[in-house]
Amino acid sequence: MSNSLLEQFIIESRDYLQRIGEILIALEENVEDKALLNELFRIVHTLKGNSGLFDFPSMTKLLHASEDLMNLVREGTIPYSSEIADLLLEAMDIVSIMIDEIEDSGSLSHNSIQSAEEKTKVIKEKFLKAPEKKEKEILEKPEKKEKITEQIFDFSIIPEEFRIKAVKEALKGKKIIFIQYSPEAECFYKGEDPLYLVRNTPELIWARSYLREEIPDPSLMDIYQCISNFELLSSANKEELSEHFKYVLDQVKFFDIEFTNLIIPQGEKNGGPVYEDFVSDARKYLEENNIQTFKNAVKSLIELSSPELYFASVLRWIELLIEHLPETRNIIEALLQSLETMAPPVFKFEKEPVLIPQKEEKAEFPDEFLNILNSQKTVLEKLRTIENNLIKSNILKSIISSIENGLISLGKTEFLNEFKEISQKTSPDDFNLLKKWIEKKCGFSLASEKVEEAVSPEVTFTSTEPQEKEVSLPHVVSKVLKVDETKIDRLMNLIGEFVVAKNSLPYLAQKADNFYGISELSKEIKAQYSVLNRISEEMQDAIMQIRMVPVSTVFQRFPRLVRDLSKKLNKKVKLIIEGEETEADKNVIESLSDPLIHIVRNSLDHGIETPEERISKGKPETGTIILRAKHEADHVLIEVIDDGKGIDAEKIKLKAYQKGLITEEQFEKMKENEAINLIFLPGFSTSETATDLSGRGVGMDVVRTAVEKFGGSVRIQSAIDKGTTITLSLPLSMAVSHVMIIESAGRKYGVPMESVVETVRVSKQKIKKVKGKMTTVLRNKIVPIFYLNDLLDINKPHITNEDAEFAVLVLSIKGELTGIVVDKFHETADIILKPFIGFLANMRVFSGTAIMGDGSVLLIINPKELINASRI
Amino acid sequence: MPVEFKNNTAKLTDLVSIEDAEALFNWFLERKKHKLDLSELSHIHTACLQLLFVFKPELIALPEQEDLKMFFTEGGK
C-alpha cells in the first residue's frame, strides 16, 4: 500500500473527526436537525470505509459500531442523548489517537486497539443489543438472497466427489459455506494472487475459477487485469473465513447453504426393472430399520452397476446417507422416489423456492433519491472532459459513495449489493457500467421527460464546454489544495535562503564600484537587485499567506472541552467564541493551543462558580467564557474572559509567601497587580487539592513559558467576583524576525526588536554602583545597567564616544527596564532566525543565528537568558 | 525456468508467477495450437491461470496436486 494513500487518509481523517466532533456537539442543541444527523452518518460511514483500506481492523470495527449507532439515531429508533454523544465522542477520541499513532509509527499500539475493542463492545452492548432484531432483519435479507443464489447457482456443476465430501462434512455437523469471490480488476498490482488465496482457504472442499468477462479478441487483452471470479465450498466457520479473506472482504460474499442442495444425483438415465425392485426393497429395509441389510444391498449394487448411471449416483448418495440414519431418512426416501420418477429428488423440508424475478422487479425509489441519481449522472457525463485521472477517480468515488449512502438510507440492500459490484468494476477509464446502472434505475422510475432532462446537459455541453466546466464542477472538486506542511516549510526555508542570497548583491555592487572600479556594472547590479528584491518580497509575502491559518483551528476544540469539563464539574458554562477568522502563522496558532487549554481549564475550574454560588452572588446561573481573537499591529491577541470569581490577590500573595516563593519584604510591599502575576511563578497553585483538571501547580508558568518561547507575552487582569481576563499576545509570524544590530568588542549581534525599548547615550559618570550593582537614572527611574562584554565574558572595556558616553540599549525584560551597555548601534534588519541545533542548542544566551547579506553570520541575543546569565 | 516452451507445447513446472504471464501470453499469440503439460505444476498465478481460460489450450497432463487439479477439471470452465 502506498504511503501517500495513508498520508491522505490521515489528513482526511483528521478533518472528518473534527467535523464529527462539531456535529455531535451541535446536535446536543438541536436534536431534530436531520441534515446534521445525515451528515454525521455520512462522514462516519466514509471514515469507516476509508479505514477499511488499511489493515486496522479494530479501528474499522469501532467506526462500524459507531456508524450503526448513528444510523439508529438517524432512523429515530433511539433518541439522541448526551450519553450517546459522550460515547460517540469517546469513540472518535480513540480513533483520533489511533490516527496519531498511525502517523507516528504506521501501526497501532496494543493499548489503543484494546480501548477500541472495549468501546466497540460498550456501543454494541448498550445500544445495538436491543435493536439486534434489526441486525437480524438485515441478516435475514442476505439469507433470502442465499435462497436466490441456491436457485441461481447450479451446484450440479460441482463434481459429485466434492459434493459428497461437503455433505459428509455437513453430516458431521459442520456448516457448509459457499463463497463467491470476485477479485477487483487491479488486484495484481497490489501483489495479490486470488488463486493463492483461494487455495489456502481453510477447510476448502472445492473451488473453481472462471472468467467473468468475455474476451472477444484475446490479442488485445490486458493480461494484468484480473478478469477471474472464484467460487468455493468450505466447511470452515464464518469467522475463520472472514479472517482469511479479511483484506478482500468487500469482494467476497458468503452464503450458508443447506447440504441437501448438494445432493444432486447425476448420470445416464436408462430405466430398468432393477431399480423398481431395489426401491421397494429399500423402502422395506427402511421401514424395518434393517440398516445393515440395506447397506449391503446398496454396496453390492454399486459394484454391479456402471458408475456413469443415474442409478449408481443415487446409490452413492444413499450409501453416504445410510450412515446417518435416521436423520437422513427423509432424504433417502426422496432419492428413492427420484429413482422411480427419474426426476431430481425433492426434499420435503426444503422451503418454498423464492421467486427469483423479485430481483428484477422495477425499482421504486423516492423522488429524493432519483434526484440524487440524476445529479450524479450529470456529473458523470461531465467526467469525460476531465483529463486528470486523480480528479476523475475522486469524483467517481464521491458519486459512488453518495449513491451508496442513498441506498443504505433507503434500506435497499438488494440494490446496494448490486451497486457495490458495479462500483468495483468502475474505474476512471471505464465508468460505463456505472452510468448504465444509474440510467437503468432512473429509467425505471422516472417519467420519460425526466430522463431527457437528465440527459440534456450532455447536449448543451458540447457547445458551451469551457463555461460549463467552470460553472458546474466547483461543487464537485474542492478548490482547497491540501499540502503537507513540511513542503511549505521547505518553501519557506528556500525563500529565506533566497533573500539572503539576494542581499549579497548590494555588497557585490559596492565591490564592483570600489574594488574593480566599474561603476557602470555596479549600477546595473543595483538595478537588477531592486527587481529581485521586489519579487522576493512578494514571494515571501505569498508564502506567509499560505502559512496563515485562522485561529478557529485551535478554537474549534473548545466547545467540546468546555462541554465535557463543565459537565464533570457540575457547572453551567456558555462559551462564546469571537474572531475565530483571525489569521496568524500556523506555528503561532499551534503554539497557542496548549496554553489556551490550560487557561480555559483554569477558568472553568477556578474561575466560574457553581450555579448555586453564582445565584447567591446575584449572577446569572450560567457562567460565560469568552474566547476572543483579534489582530493588533503585527501581533495576534487572544483573550480568555470569564465572569467567574476573579483572582484574590491577597490570597495569592499569602500563598506565595507560604510557599517561600516571595520574601516577607516583597509580601508587604507587593501591589495587587503584581500579586496577580505571581500565579505565573513555577510551582504555584492556590487550589488546595489537585483536581483532574488543574491545580497541580504546573498551569500558568507553563503557559507563560510556552507563549514566551514564541516571542509572545501573557497579561492578566482580574477583579474579585467580576471575572478574569487573560490576554495572550503572539507575533503574527515567526518566520521573519526584526532585530536591531549592535556591536560590541568588534563583533555584531542582533537583539530582537520586541524587547528593545530605546537606545540612549549615558555618560560614564551617570552610571553609579548601588549595592554592588551598576545602575543609572533614566527619566526618573532607576535602571540596572549591564555591560554586554561582561555578560558575554569578553575581556574588553566598552568604547565611549567623544563625549565619554556609553551606548546603552534599554530593553524590557519580563516587564522590567534593563540597560545594556554596548559599543555601537547599527541599523535594524529583518532576518530569518535559524535556531541552534545539536551541541550548540544548549547555548541559551543566543537564540540562534542569521546570515547577513554579505555572508557574515549574526548571533542573535536572547535578552532574558542574557540577564539570567549575569545572575548566576 | 517454470515455463518451458517447445514449439506447440509448454510445460509448466513448480511455481508459475505473474512474471511468466507475458511470456505465456506471447506464446499463446504466436502459436496456433497450444498444448500444456501441467503435471509438475504446484501453483500458477491467477494472471496466468486466466490466460489458460482465455486461450483454452489442450491440456495434455493435469496437475498432480488435487487441490490445483480441480481448477482444470469439469468445474473449472
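Predicted model: local features only at pLDDT ≥ 70, side-chain atom pairs only at ≥ 80, totals over all residues.

A: α1(A) passes α4(A) in a left-handed crossing.

Q: At what angle do helix α1 and helix α4 of chain A pack, and how far apart are their axes?

A: Helix α1 spans residues 3-29 and helix α4 residues 82-105; they pack at an angle of about 165°, with their axes 10 Å apart. Angles over 145 degrees count as roughly antiparallel, and α1(A) and α4(A) are therefore roughly antiparallel to each other.

Q: Which residues of α1(A) and α4(A) meet?

A: On the α1(A) side they include A:I10, A:L17, A:I20, A:L24 and A:L27, and on the α4(A) side A:L88, A:L89, A:M92, A:V95 and A:I99.

Q: How do α20(A) and α21(A) cross?

A: Helix α20 of chain A covers residues 485-514 and helix α21 of chain A residues 519-547; their axes come within 9 Å and cross at roughly 165°. That angle makes α20(A) roughly antiparallel to α21(A). The crossing of α20(A) and α21(A) is left-handed. Where these two helices are in contact, 18 residues are nonpolar, six polar and four charged.

Q: What is the arrangement of α12(A) and α13(A)?

A: The axes of α12(A) and of helix α13 (residues 329-341) of chain A come within 10 Å and cross at roughly 170°, which makes α12(A) roughly antiparallel to α13(A). From α12(A), A:F311, A:V314, A:W317, A:I318 and A:L321 meet A:I331, A:I332, A:L335, A:S338 and A:L339 of α13(A). The contact of α12(A) with α13(A) comprises nine nonpolar residues, one polar and no charged.

Q: Which residues does A:A166 touch?

A: Leaving aside residues up to four places away in sequence, A:A166 touches A:I176, A:I205, A:W206, A:L233, A:S235, A:F259 and A:L262.

Q: Where is A:E169 found, and what does A:E169 touch?

A: A:E169 is found in helix α7 (residues 160-171) of chain A. With 19 other C-beta atoms within 10 Å, A:E169 is partly exposed, because a buried residue needs 20 or more. Residues up to four places away in sequence not counted, A:E169 touches A:K174, A:I176, A:I205 and A:S235. A:E169 and A:I205 are 36 residues apart in sequence and 9.3 Å apart in space, C-alpha to C-alpha.

Q: Where does A:P428 lie?

A: A:P428 lies in the loop between α16 (413-424) and α17 (432-445) of chain A. A:P428 counts as partly exposed, with 17 C-beta neighbours inside 10 Å. The C-alpha atoms of A:P428 and A:N394 are separated by 9.0 Å, although these residues are 34 residues apart along the chain.

Q: How many helices and strands are there in chain A, and how many has chain B?

A: Chain A contains 31 helices and 22 strands. Of its 872 residues, 29% count as buried. Chain B has three helices and six strands, in the pattern β-β-β-α-β-β-α-β-α along the sequence. Of the 77 residues of chain B, 35% count as buried.

Q: How many residues of chain A and chain B are in contact?

A: There are 25 residues of chain A in contact with 24 residues of chain B. On chain A, α8 (194-199) and β2 (204-211) each supply at least two residues of the side that touches chain B. The largest share of that side, seven residues, comes from β2(A). The residues on the chain A side divide into 19 nonpolar, three polar and three charged.

Definitions and conventions: Residues numbered from 1 in each chain as written. Chains lettered and ligands numbered in written order. Contact = placed C-beta atoms within 7 Å. Helix = DSSP H or I, 4+ residues; strand = E, 2+ residues; numbered from the N terminus. Nonpolar A, V, L, I, M, F, W, Y, C, P; charged D, E, K, R; others polar. Buried ≥ 20, exposed ≤ 12 C-beta atoms within 10 Å, placed from the backbone. Axes fitted to C-alpha atoms, helices over the stretch in contact; angles between N-to-C directions. Parallel < 35°, antiparallel > 145°, perpendicular 65-115°, else oblique. Left-handed = near helix turned anticlockwise from the far one by under 90°.
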